[in-house]
Amino acid sequence: MKATVKWVDGAMFLAESGSGHSVVMDGPEDHGGRNMGVRPMEMLLLGMGGCASFDVMSMLKKSRQDVSACRCELDAERADAVPAVFTKIHLRFIVSGNGLKEAHVKRAVELSAEKYCSASIMMEAAGVDVSHSYEIVDGV
């Protein structure tokens, strides 16, 4: 896996993935940015949510669950000192659908957390307190 990050100006950077996709990252105005893109630490959090969501949806599809929506809300805390690393991250999945079986949703979230989500498992290995929860919304 490869990626390139190019400085644009101020605190703005253009990140390009090896698969050919780009995203703008920018800093706040008090750090020379113009607030025109996500912050780099936000990208880590977004990537973790995307990785876990991919796992959960993949498993729910394989178990033939009738999912109409899946949202992962991430709540993170960072250290007050430099480096301001993540200290806690909670992933809350809200899964909507018809006749969803709680056992399948619970197992998908657990397997993502314990076995498949490289991003959250890496964060845990680095000392971040990572937790997961889920909610099922029927008939939406």
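**Close-up views around helix 1**

View A. Arg64 follows helix 1 and has a positive phi, near 60°; helices (H or I, at least four residues) and strands (E, at least two) are DSSP runs, numbered from the N terminus. This is a predicted model, in which local features need pLDDT of at least 70, side-chain atom pairs count only at pLDDT 80 or more, and totals for chains, interfaces and linings use all residues. Residues are numbered from 1 along each chain as its sequence is written, and side-chain values use heavy atoms, with hydrogens and water left out. Helix 1 covers residues 40-62, 23 residues in total. Its first and last C-alpha atoms are 33 Å apart, close to the 33 Å expected at 1.5 Å a residue (1.5 Å times one less than the number of residues).

**View B. The buried residues of helix 1.** Leu45, Met48, Gly49, Ala52, Ser53, Asp55, Val56, Met59 and Leu60 are buried (under 20% relative accessible area, 1.4 Å probe, protein chains only). These residues pack against strand 4 (66-78), strand 5 (86-98), helix 2 (102-116), helix 3 (118-125) and strand 6 (129-138).

**View C. Helix 1 against helix 3.** The two axes, lines fitted to C-alpha atoms over the stretch in contact, come within 7 Å and cross at roughly 125°. Leu44, Met48 and Cys51 of helix 1 meet Ser118, Ala119, Ser120 and Met123 of helix 3, contact meaning heavy atoms within 4.5 Å.

**View D. Arg78 and Phe86.** The charged end of Arg78 sits over the ring of Phe86, 5.9 Å from the ring centre (NZ of Lys or CZ of Arg within 6 Å of the centre and within 35 degrees of the ring normal).

Conventions. Buried means under 20% relative accessible area, exposed over 50%, partly exposed in between (1.4 Å probe, protein chains only). Axes are lines fitted to C-alpha atoms, for helices over the stretch in contact, and angles run from 0 to 180 degrees between N-to-C directions.
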